[in-house]
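Visitor: Could you walk me through this one, starting with the terms you will be using?

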Amino acid sequence: MSSPVLEEPWGQLVALEGGSERIPIIGEKFTIGRRKDVDVAVTDNKFVSNSHCSLLYNGQGDIWLKDTSTNGTLVNGNKVLKEKVKLIDGCVIKVVFRKDNPGANLSYRFVDLRPELVKSIESDATLEMTQEYDEIDTIDDNNRIKRKAIEKLEAEPELKKPAMEETSKKGNVTKENENINKKEDVPQKPDLEKKDSIEETLMCQICQEILHDCVS
């Protein structure tokens, strides 16, 4: 008798060729093959062995794929032949992969339906959504603060410009007063040129008188 936990599907095979058929996986051993008494019977494909491969799960721990075929099974592109490999959600299982006869190819995608995994996925998705919303709220808060600052600046009257103009005018007046004071402080040069001209004229008259006396 199967464990109660295995009476419900713990996994699912999604067909990747010929549509998207979904096959529920129930029981500790789930077999794919060409025999009619297996769980997934593929009677019309000569490349499928009688008992090609089985999915194994005992109700706890990991899920395994065991190959019992002649040609092997591909799991995520890796060939498995007469051995076991661990399965995880999303693994691609290729029961038949023939480059020379693609019409015979048979492959499935494994979906893990265990409740603990579903809860973990839902929890991770909820956490990611919460983080995204927190980031969006932070961005919105920052944008609101920036908008308020811009509106405050735009609402202020333009008082700074006239004040600057008055300061500039005062500065110009001060500079003009300083220039005037500098001009007043500079000592005036004596009118030496006029004095020299008078002295030359007097000297010439004296010389003329002396010459006149000498001649007479």
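Guide: Two strands pair if DSSP finds at least two bridges between them, and the elements are DSSP runs numbered from the N terminus, with helices being H or I of at least four residues and strands being E of at least two. This is a predicted model, in which local features need pLDDT of at least 70 and side-chain atom pairs count only at pLDDT 80 or more, while totals for chains, interfaces and linings use all residues. Residues are numbered from 1 along each chain as its sequence is written, and side-chain values use heavy atoms, with hydrogens and water left out.

Visitor: Okay, which elements does the protein have?

Guide: The protein has three helices and eleven strands, and from the N terminus on the order is β-β-β-β-β-β-β-β-β-β-β-α-α-α.

Visitor: How are β5 and β6 joined?

Guide: β5 and β6 run antiparallel and are joined by four bridges, with leucine 56 standing opposite tryptophan 64 in β6. Their hairpin has six residues between the strands, and in this hairpin glycine 59 takes a positive phi near 100°.

Visitor: And what is the strand order in the open sheet of five strands?

Guide: The order is β4-β3-β5-β6-β9, and the pairing is mixed. The edges are taken by β4 (40-41) and β9 (84-87), each of which has a single partner strand, so one side of each is left without a neighbour in the sheet.

Visitor: What joins β6 to β9, then?

Guide: Strand β6 (residues 63-67) runs antiparallel to β9, and four bridges join them. Isoleucine 63 has leucine 87 in β9 as its bridge partner, and lysine 66 stands opposite lysine 84 in β9.

Visitor: Which residues of β6 are on its covered face, and which on the uncovered one?

Guide: Ile63, Leu65 and Asp67 make up the covered face of β6, whereas Trp64 and Lys66 make up the uncovered one. In a regular strand the side chains alternate between the two faces of the sheet.

Visitor: What lies over the face of tryptophan 64?

Guide: Lysine 84 does, at 5.1 Å from the ring centre; a charge sits over a ring if NZ of Lys or CZ of Arg is within 6 Å of the ring centre and within 35 degrees of the ring normal.

Visitor: Switching topic: how many aromatic pairs are there?

Guide: The structure holds one aromatic pair. Tryptophan 10 and tyrosine 57 form this pair, which is tilted, at 5.1 Å centre to centre and 50° between the planes. Rings of Phe, Tyr and Trp (its six-membered ring) pair if their centres lie within 6.5 Å, and planes under 30 degrees apart count as stacked, over 60 as edge-to-face and the rest as tilted.

Visitor: Why would that pair be worth a look, i.e. which parts does the pair tie together?

Guide: Tryptophan 10 lies in the segment before β1 (11-15) and tyrosine 57 in the loop between β5 (53-56) and β6, so the pair ties together parts that are 47 residues apart in sequence.

Visitor: Are tryptophan 10 and tyrosine 57 buried or exposed?

Guide: Tryptophan 10 is buried, and so is tyrosine 57, where buried means under 20% relative accessible area, exposed over 50% and partly exposed in between (1.4 Å probe, protein chains only).
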